[in-house]
Amino acid sequence: MSLTAITCAAEPRIRIDLCREVDIEPAMSFLHEHWAKNHILSRDAALFRWQYEAKLRDGREDAPTVLLAWRCNKIVGMLGLTFMRWLQEGLTYTGAWSSHWFVVPELRTSPLSLLLIREASRLGIEVLGTVGTTSHSSSILRARGYDWIPEIPRWVGIIDQTSTATLLLASGIPASQRDEVTSFCQERVVRHTHAASHAEDWQIVEWSDKLGDEWDVCWNRSAARGFVGVIRNAAYLRWRYARHPRFKYEIRLARHCSSGVGGLLVFRLETVRGRTEQVARICELLTEGPDATNSLLSRFVGDARQAGISFADFYCSKPIQGLSEAGFNIERTLTDPFTLPSRLQPVEQGGRPLNSAIRFPASLRGSLEDAVARGALYLTKSDGDQDRPN
């Protein structure tokens, strides 16, 4: 039975329902035809299933959590839902990130797009958000009462000034500005790792399920305290990073000799399409103190320099003490003479500002601005579907 049915002017009856197993292939074809030709989610069923992993336990078959709008037997609209658990003010809420929210061109002036959003809330989703919106969709969401973050800060650290300058020029900056580009990279390069106090008490180790138990102790002890955002416990890390079907993520933990795990750093290496340069995309940096932060960043920068990484970036809404000391800077797109390319497949000029819109239950509406001001909100590029193969 469909979730809802609507009647559009001069249109046959339209129904909205959750994707079934038999609908996966048609949904992927719909993405190819109406979203982007040869989009990764239109040709990689494993990634499609992973991103929209079923979280509804109501007796339905274990198909992806995607809302599909049908006109007769043809898909005319879609809204993908990536489920998560949201933590705020010490309380946990059922949440989801929405993505690939669109309808066929002839129905864009109909209420169908808004009805897809409405149906998501009927699935028991208390916090519904998106990361990375167009100006058109963001205006709609803000009018619908979503809290709004205009830009998630992007931290950047130049590791190899020569290869970063080469990438900047390859992105489309005129060769006549070569000297200015070179000077910019020399000024912003991470010149040394930040020595952590009591470094001998800390060890940087790779992720394992056993250490995941220690991370949960750290998460519950301190990382989750005053935290606003998606719960980053071991179960989440296993799903989001350790068992990702396509990307290889490096998950590093700072482990103290007596107190156990005290910090987490997650990143992946991305090779620029058609080139040899690599960029490190940091996805997580969560610790319970400066010593763990410094130990993780010191090891990361040292390894990145040895591997010849061009630069590293990290989109994060929460101020992280230790990043600037390690040589990272927040990118200022309006005032910096150059911005490092964020799109690398292929390399494109300039950074890419990343925004977010979140709809909260009535008791939390309007709280996002305060959470940002208090430094409590933790959103990164890996929330939603912004860090995935393209």
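## Cysteines

At 60% relative accessibility, Cys-257 counts as exposed; exposed means over 50% relative accessible area, buried under 20%, and partly exposed in between, with a 1.4 Å probe and protein chains only. Cys-185, in contrast, is buried, with a relative accessible area of 0%. The closest cysteine sulfur to that of Cys-257 belongs to Cys-218 and lies 15 Å away, too far for a bond. With a disulfide taken as a pair of cysteine sulfur atoms within 2.5 Å, the count comes to zero.

The model is predicted: local features need pLDDT of at least 70, side-chain atom pairs count only at pLDDT 80 or more, and totals for chains, interfaces and linings use all residues. Residues are numbered from 1 along each chain as its sequence is written, and side-chain values use heavy atoms, with hydrogens and water left out.

Helices (H or I, at least four residues) and strands (E, at least two) are DSSP runs, numbered from the N terminus. Strand E13 (residues 278–287) is mostly covered, with eight of its 10 residues buried. Two strands pair if DSSP finds at least two bridges between them; the pairings of E13 are listed below.

| Partner of E13 | Bridges | Direction | Opposite residues |
|---|---|---|---|
| E12 (residues 260–271) | nine | antiparallel | Val-266 and Glu-284 |

E12 and E13 form a hairpin with six residues between them, and Gly-274 in the turn has a positive phi of about 75 degrees.

## Helix H10

E13, helix H10 (residues 290–307) and E14 make a right-handed β-α-β unit. Right-handed means that, with the strands pointing away from the viewer, the path from the first strand over the helix to the second runs clockwise. The buried residues of H10 include Leu-296, Leu-297, Phe-300 and Val-301. Strands E9 (202–206), E11 (250–256), E12, E13 and E14 are what the buried residues of H10 pack against, contact being heavy atoms within 4.5 Å. Just after H10, Gly-308 takes a positive phi of about 75 degrees.

## Nonpolar cores

A nonpolar core is a set of buried Ala, Val, Leu, Ile, Met, Phe, Trp, Tyr and Cys residues joined through side-chain atoms within 4.5 Å. The largest has 114 residues, of which Phe-48, Leu-81, Trp-86 and Trp-215 touch the most other members. Strand E4 (residues 74–88) gives the most to this core, with nine residues. A second, separate core of 18 residues includes Val-156, Ala-165, Val-189 and Val-347.
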